[in-house]
Amino acid sequence: MTEKSTYASTRRPRPINPPQLHHATFMTLDVDAMVRWYELVAGLQPVFYSEGAAWLTNDAANHRIALLRLPGTKVPVDKPHTAGLHHTAFEYADFDQWLDNYVRLRGEGIVPALNLHHGMTMSMYYVDPDGNGVEIQVDVWGDWLKSKEWMWASQEFAADQLGAQFDPDLLVEARAQGLSVDEIQKRTYAREYLPAEENTVNLPDVWPARLQEQPELTEGVLEGSSGTLPNR
Ligand SMILES: [Fe+2]
């Protein structure tokens, strides 16, 4: 018996006009902490902001990230090993802006938990106050078409989808020494800027430390607590 693939048996397996990716929505225990963090890290500002929810954007869309503090929301258990969203991602078009953002955030005490040169992007993975990953990337090829073609066709990506870890401070140093963007990217992919200790793709669990600092979050958002969303 031959099993037919979806593509063979379905007349229209995908829409002719697909919808575009628009936003991601998180459940949270603390809207304020998340709003502050996303504004600081990626310049997202609230278009609508209340005690129970917020909608944030950093471009022309009415929102890119939404936050809901819904009654009954609980503290995640072992978030780094829980199925679901690993990270959202934001992109700089320019290497220097990308690295400058790292330096700015380092000055604020916010550093990435993981850094990878994947071949098509250089990516820093931060962790938001609730433990969700946020990737800030720059495209290595500076052109989405070339970047997509490399990912699709290159031997390198077929062999290794993670790529090279790096220490962003070494990139800052290399830039200060006058190395070109191209040279820095090549050396990074060649593992010349490895961190002292490599990190795992499972981002760290922020909750044990956070609950020590804010024990009031332990019980989550109580059922029946009044948010500002219409109750339906
Ligand atoms: Fe990503």
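1. In the chain, residues 24 or more positions apart account for 63% of the contacts that have a separation of 6 or more. This is a predicted model, and the points below should be read with that in mind.

2. As for overall make-up, the chain holds 8 helices and 9 strands, and its C-alpha atoms fill a box of roughly 60 × 55 × 35 Å when taken along the principal axes. Of the 232 residues in the chain, 22% are buried.

3. The domain assignment divides the chain into domain 1, given as 21-78 + 216-232, and domain 2, given as 84-204. Between the C-alpha centres of domain 1 and domain 2 there is a distance of 27 Å.

4. Where the two domains meet, 11 residues of domain 1 are in contact with 13 residues of domain 2. On the side of domain 1 that touches domain 2, the elements giving two or more residues are β1 (24-27) and α2 (31-42), and α2 supplies the largest share, with 6 residues. Sorted by class, that side of domain 1 consists of 9 nonpolar residues, 1 polar residue and 1 charged residue.

5. A helix pair also deserves a look, namely α3 (residues 95-107) and α6 (residues 168-176), whose axes come within 11 Å and cross at roughly 120°. The crossing in which α3 passes α6 is left-handed.

6. The contact between these helices is made by L99, Y102 and V103 on the α3 side, and by P168, L171, V172 and R175 on the α6 side. By class, the residues of the contact of α3 with α6 comprise 6 nonpolar, no polar and 1 charged.

Definitions and conventions
Residues are numbered from 1 along each chain as its sequence is written. This is a predicted model: local features need pLDDT of at least 70, side-chain atom pairs count only at pLDDT 80 or more; totals for chains, interfaces and linings use all residues. Domain bounds come from an automatic or database domain assignment. Two residues are in contact if their C-beta atoms, placed from the backbone, lie within 7 Å. Helices (H or I, at least four residues) and strands (E, at least two) are DSSP runs, numbered from the N terminus. Ala, Val, Leu, Ile, Met, Phe, Trp, Tyr, Cys and Pro count as nonpolar, Asp, Glu, Lys and Arg as charged, and the others, Gly among them, as polar. A residue is buried if 20 or more other C-beta atoms lie within 10 Å of its own, exposed if 12 or fewer, and partly exposed in between; C-beta atoms are placed from the backbone. Axes are lines fitted to C-alpha atoms, for helices over the stretch in contact, and angles run from 0 to 180 degrees between N-to-C directions. A crossing is left-handed if the near helix is turned anticlockwise from the far one by less than a right angle, and right-handed if clockwise.
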